[in-house]
Amino acid sequence: MGTQEATVEATLRRRRTIEACAITARGAGLLATVLFVTGLLPGWETQPPPSMFVGCLVAIAVMTAANVLAVIAFRHPARRSYNTLSAWQVLLDTAAVTATAVLGELSGSGTVSPALAVPIVVSALRHQLRGALAVWLLTSVAYGSVAVVPGADRTQPGDLLLLIGMNLLIALITGAQSSAYARQLTTLEQTRIELEHRASHDGLTGLPNRARLAEHAERYGDTALAVLVLDLNGFKKINDAWGHAAGDELLRRVAERLTAHLHPPDLAGRLGGDEFLVLLPGTDTGDVDGVVDRLRETIVAPITLDCATVEVGVSVGAAVRPPGARTSLAALTAAADAAMYQEKRLRKASGPRPEDRYPATVPAAAVPAR
């Protein structure tokens, strides 16, 4: 299992754990509520008042609906609708607990009020600090507005303020911890992506390295595949004249030009030094010459660096795998590399061609040659 797959699996596992806990907690709440309305709950053997009885029935229906959503989310944690299902569960839990606490206050059973902390903690777990504060505000307004009405004198103003303050503290602590955990996961994911990119790409040009190119080629099995090996002509003279920084910048500019003139699924990578490799999936022999001419034309065009405007030539070798063949990328690269060196030998024997105007350096700033 790759790093990305492991991260996804960890996220899905966490979601399932949250839903399993929610189902269990609501199941316990449902059982306690049923025992309460039937007079079988220890310590609450008396029949609840009519308003409380109706409220408990509503709470049972709401908790049942929330558990149905939890079961769906547990079975399908990778769905795009997971966050929506989670938000609805928070709303239903908040409504059930708040309604029970309000009815308990109105009927003189204010001891239910500590349960208001439950949806706050649940919302913090699901939606971090913002969700916890939203639920705290909702429960505080709903419960506080009822607790101060005439006849509901069970909760004194001081006790009400203490309850709201304690719930705020719970929201801040649990929400902040959940938000910090979410940020940590995001940071770890970003670090993973960065490390994965470094492991599969060239540090100087940002192009894919050999391993990434091999992985890309492997995706296309035995389909047609053309491989180009490109080697810059005159790079060493520019590097000697203007320094390694100019040479590095030149390589980056060439990489940008290669990328700009290719289209998916084509892919350009750097082999090392001033050598580049281009993969052309689905390209046959008849189309290779056109691609080579286009890339050669863009590379030999003048390149403006910080210190000078320079021109380089390029030698290109190509190897093509026909459809149905199983020729490996290594074999194709070796054949293209041999063709590239053959072109270099022919150039040395016959002299530079017009398209290989190298090495020319036109100073763009008063920078002394090194």
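H8 passes H9 in a right-handed crossing. This is a predicted model. Helix H8 spans residues 244-260 and helix H9 spans residues 285-300. H8 also lies across strands E1, E2 and E3. Those strands belong to an open sheet of four, in which the pairing is antiparallel.

**Helix pair**
- The axes of H8 and H9 come within 10 Å. They cross at roughly 145 degrees.
- H8 brings Val254, Arg257 and Leu258 to the contact. H9 meets them with Leu295, Thr298 and Ile299.
- By class, four residues of the H8 contact with H9 are nonpolar, one is polar and one is charged.

**Sheet**
- The strand order is E2-E3-E1-E6.
- Strand E2 (267-272) and strand E6 (313-321) are the edge strands. Each of the two pairs on one side only.
- From one strand to the next, the twist averages 20 degrees.
- Strands of a sheet pair through backbone hydrogen bonds, in either a parallel or an antiparallel sense.

**E1 with E6**
- Strand E1 covers residues 225-233. E1 pairs with E6 in the antiparallel sense over nine bridges.
- Which residue of E6 is the bridge partner of Val229? That partner is Gly317.

**Helix on sheet**
- H8 runs at about 10 degrees to strand E3 (275-281).

Technical notes: Residues are numbered from 1 along each chain as its sequence is written. This is a predicted model: local features need pLDDT of at least 70, side-chain atom pairs count only at pLDDT 80 or more; totals for chains, interfaces and linings use all residues. Side-chain values use heavy atoms; hydrogens and water are left out. Axes are lines fitted to C-alpha atoms, for helices over the stretch in contact, and angles run from 0 to 180 degrees between N-to-C directions. A crossing is left-handed if the near helix is turned anticlockwise from the far one by less than a right angle, and right-handed if clockwise. Contact means heavy atoms within 4.5 Å. Ala, Val, Leu, Ile, Met, Phe, Trp, Tyr, Cys and Pro count as nonpolar, Asp, Glu, Lys and Arg as charged, and the others, Gly among them, as polar. Two strands pair if DSSP finds at least two bridges between them.
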